[in-house]
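Please read it with the structure open.

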Amino acid sequence: QFPRECVTVRGLQSGECCPSLRGDPGDICGSSTGRGQCVQVDADGRPHGPQYPHDGRDDREQWPLAFFNRTCQCNGNFSGYNCGRCKHGYGGVNCDRLVVAVRRNIMELSEDEKRRFVNALDRAKRTVQPDYVIASRRYPEIFGPDGNTPQFENISIYNFFVWSHYYSVSKTFLGAGQQSFGGVDFSHEGPGFLTWHRYHLLQLERDMQDMLQDLSFGLPYWNFAIGGNNCDICTDDLLGARSNFVANALSPNSVFSRWRILCESIEDYDTLGTICNSTEGGPIQRNPGGNVARPMVQRLPEPQDVSACLEVGQFDTPPFYSTSSESFRNTVEGYSTPSGNYDPLVRSLHNLAHLFLNGTGGQTHVSPNDPIFVLLHTFTDAIFDEWLRRHNPDVTAYPLENAPIGHNRQYNMVPFWPPVTNVEMFVTSDNLGYSYEVKWPGRPYTMTEIIAIAIVAVLVLVAIIFAATTCAVRARSYSHGRNEARQTLLAEHYRRYSEDHERIQEKTQCVV
Ligand SMILES: O=C(O)c1cc2cc(O)c(O)cc2[nH]1
């Protein structure tokens, strides 16, 4: 969440996180080369929705002001915590070269591409994130027991991805002996669901591009809208088959069976007020389609669910929450029927795909530990992107205020650094340096369309029958006429022939 350079006692006390580029103390934010400058953080102070009634009790309010109030602001296509890198979609030393990463269906990768993707994920699980460290305590305890030891830890690239999700969904600690408040979620159940997860994926993709030294590396996606109860990507060449030996475990032939998960000690965090740190625990649990207690989540979404949700015209609707009706966001998130009707009993699309996994991938505080999370979310993001293309909304379609805390248009998404607002992700993917290769299922016909098509079909059929009958009648009368003519002709022939014959006979008789 924060650059390693910033989490010193002095850095935290100053509230300034404006590291210099290339270690020259005078060159904060690369200012000497015009890359950027150190500025005041702009944090959203507009009213949030009524779901969160504990203002002043959580480090994530008005992110990131509890930790830092000054940051680098980069010029042009420069970007990053010290303006040392390029905006998404740009490369080269001067950040003036366009680069695009293509995100493809994982099922359509070649064997070699599949192997390279699995290996890249595994390497990310073991490679230390070079720039960022994570807080292992809430701000009141951030300087450590001696007041001089900032409580931050190194973490791997993949675990950084896991930790960021955990931090955004964790409960608000209200004090020892008091129940933590769970009605808060900075990345779900609000308009920020799509923008938050979009940035989350971009950060992982960027970290993996750097690790692989390949700016064109694109995260693939899992088309989870295939119906049925089979997880098609749960094979050993992809995300891991089932174990034949241990219930809910992954096959030992998959590298993911050796992954250990982060952030599983949820009771400790909620009762002691601690924060998930970089310590790993048990293995990934997964039993796709096997939740016998909830038959509704034993099947994957259907292709027509995707077509239906893309028809929902409004991005989000009041109260901009998991109870919103006729909201594209709430529909694709999966709290509504695929056509947009809110129903508390329904789980569809993204939520259904999570719950179908039935294990680590189905619990918000740990779900990214299962790497299927990445592919499930790239597909959700692809649907979001297609919706943006089809509906071409203005920024005003995204609520400016009164969304649940963390979800307002200008809110800096928690816990990303440098600060990035929800609305910055409310653009089509080509503005962010990536694109999707997807064949979208056709839109299902409405009842009116079905009736109109049936009427046209009947009319065409009647016209064909009429034309055929008319032709047959005409053909019959024509051939009848020709027969009559032919018979008249024959009769005439015969008459002439007979007369000639009689005449010849008369002549011959005369000669004889
Ligand atoms: O119960 C749900 O609808 C549900 C579970 C779950 C897990 C997860 O990681 C998410 O991101 C969302 C989600 N929804």
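The points below are grouped by topic.

The model is predicted. Helix H4 (residues 192–212) packs against helix H9 (residues 372–391), their axes coming within 10 Å. The axes of H2 and H4 also come within 10 Å. A search of the whole structure finds 25 salt bridges, and Arg103, Arg198, Glu205, Asp381, Asp385, Arg389 and Asp430 are linked in a network of such bridges.

**Helices H4 and H9**

- The axes of H4 and H9 cross at roughly 125°, and the two helices are therefore oblique to each other.
- The handedness of the H4 and H9 crossing is left-handed.
- On the H4 side, the residues that meet H9 are Phe193, Leu194, Thr195, His197, Arg198, His200, Leu201 and Leu204.
- On the H9 side, the residues that meet H4 are Phe373, Val374, His377, Thr378, Thr380, Asp381, Phe384, Asp385 and Leu388.
- By residue class, the contact of H4 with H9 divides into 8 nonpolar, 6 polar and 3 charged.
- Arg198, Asp381 and Asp385 take part in the contact between H4 and H9, and these three residues also belong to the salt-bridge network.

**Helices H2 and H4**

- The axes of H2 and H4 cross at roughly 95°, so the two helices are roughly perpendicular to each other.
- Ala120, Leu121, Arg123 and Ala124 in H2 meet Met208, Met211 and Leu212 in H4.
- The residues of this H2 and H4 contact comprise 6 nonpolar, no polar and 1 charged.

**Salt bridge Asp381 to Arg103**

- Asp381 and Arg103 form a salt bridge in which the closest N and O atoms are 3.5 Å apart.
- Asp381 lies in helix H9 and Arg103 in strand S9 (residues 101–103), so that this pair, 278 residues apart, links distant parts of the chain.
- Asp381 has a relative accessibility of 3% and counts as buried.
- Arg103 is likewise buried, with a relative accessible area of 0%.

**Salt bridge Asp122 to Arg126**

- The side chains of Asp122 and Arg126 form a salt bridge at 3.3 Å, N to O.
- Because Asp122 and Arg126 are 4 residues apart in helix H2 (residues 111–126), about one helical turn separates them.
- Asp122 counts as buried at 13% relative accessibility, whereas Arg126 is exposed at 58%.

**Salt bridge Asp44 to Arg46**

- Asp44 and Arg46 meet through their side chains in a salt bridge, at 3.2 Å from N to O.
- Asp44 is buried, its relative accessibility being 5%, while Arg46 is partly exposed at 36%.

**Setting of Cys231**

- Cys231 sits in the loop between H4 and strand S12 (260–262).
- The relative accessible area of Cys231 is 7%, which means that this residue counts as buried.
- With neighbours within four places in sequence left aside, Cys231 is in contact with Pro288, Phe356 and Ile372.
- The C-alpha atoms of Cys231 and Ala241 are separated by 9.1 Å, and the two residues are 10 residues apart along the chain.

Methods: Residues are numbered from 1 along each chain as its sequence is written. This is a predicted model: local features need pLDDT of at least 70, side-chain atom pairs count only at pLDDT 80 or more; totals for chains, interfaces and linings use all residues. Side-chain values use heavy atoms; hydrogens and water are left out. Axes are lines fitted to C-alpha atoms, for helices over the stretch in contact, and angles run from 0 to 180 degrees between N-to-C directions. Angles under 35 degrees count as roughly parallel, over 145 as roughly antiparallel, 65 to 115 as roughly perpendicular and the rest as oblique. A crossing is left-handed if the near helix is turned anticlockwise from the far one by less than a right angle, and right-handed if clockwise. Contact means heavy atoms within 4.5 Å. Ala, Val, Leu, Ile, Met, Phe, Trp, Tyr, Cys and Pro count as nonpolar, Asp, Glu, Lys and Arg as charged, and the others, Gly among them, as polar. Buried means under 20% relative accessible area, exposed over 50%, partly exposed in between (1.4 Å probe, protein chains only). A salt bridge is a side-chain nitrogen of Lys or Arg within 4 Å of a carboxyl oxygen of Asp or Glu.
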